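Here is a short report on a predicted model.

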Amino acid sequence: MRGTVPIFQPSGFQKQVEMADTCLHSYCLVTAFCAFVVTQTGFAVEQTSRHHDTLFSEDHRNSLVEEATEARKHLDPFTDPVRQNIIIAFLLYGCHIGLGNQRHAYYFLREATTLYTASALENQATSAQADDADPSLESKLFWLLVVSER
């Protein structure tokens, strides 16, 4: 997924995984990312048909999306870290597109672009980039949102 959605550095994402037990933003980000990968790659459905395993079923995929959505309800999207909130909203957009829920998907995409615009207008670039060492990720996120919206 790194070539398609280049908004994470592996080391930055690893930090989020390590903090998932203690930080709600990190937990929500990691859960949304896992749900995104499973829904976008079709891994769950492919594994079910190949191995007849109940662990990797469509229900499992849906429960990952539900968990990420539920965890996100406990976050204030306008608090720091702004960039994480934008990415979480984008990942949930991708999950719902993968599940065929266009109405829910565009709600999350609209929210991600609104948060991005609001953070740019409020000149929060330093806090928005604080979690990643690569400043080019910010422009990649911008273009990913623009292309997705079109």
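Phe 13 is buried (under 20% relative accessible area, with over 50% exposed and partly exposed in between; 1.4 Å probe, protein chains only), at 16% relative accessibility. Phe 8 is buried too, at 13%.

This is a predicted model, where local features need pLDDT of at least 70, side-chain atom pairs count only at pLDDT 80 or more, and totals for chains, interfaces and linings use all residues. Residues are numbered from 1 along each chain as its sequence is written, and side-chain values use heavy atoms, without hydrogens and water.

Rings of Phe, Tyr and Trp (its six-membered ring) pair if their centres lie within 6.5 Å; planes under 30 degrees apart are stacked, over 60 edge-to-face, the rest tilted. The count comes to 8 aromatic pairs. Two of them involve Phe 13.

| Ring pair | Centres | Planes | Class |
|---|---|---|---|
| Phe 8 and Phe 13 | 5.2 Å apart | 55° | tilted |
| Phe 13 and Phe 33 | 4.6 Å apart | 55° | tilted |

Phe 13 sits in helix H1 (residues 10-19) and Phe 33 in helix H2 (residues 24-41), so their pair ties together parts 20 residues apart in sequence. Helices are DSSP runs (H or I) of at least four residues, numbered from the N terminus. Elsewhere, Phe 36, Phe 90, Tyr 93 and Tyr 106 form one aromatic cluster.

H2 also packs against helix H4 (residues 58-72), at an angle of about 150° with axes 8 Å apart. The two helices are therefore roughly antiparallel (angles over 145 degrees).

Definitions and conventions:
Axes are lines fitted to C-alpha atoms, for helices over the stretch in contact, and angles run from 0 to 180 degrees between N-to-C directions. Angles under 35 degrees count as roughly parallel, over 145 as roughly antiparallel, 65 to 115 as roughly perpendicular and the rest as oblique.
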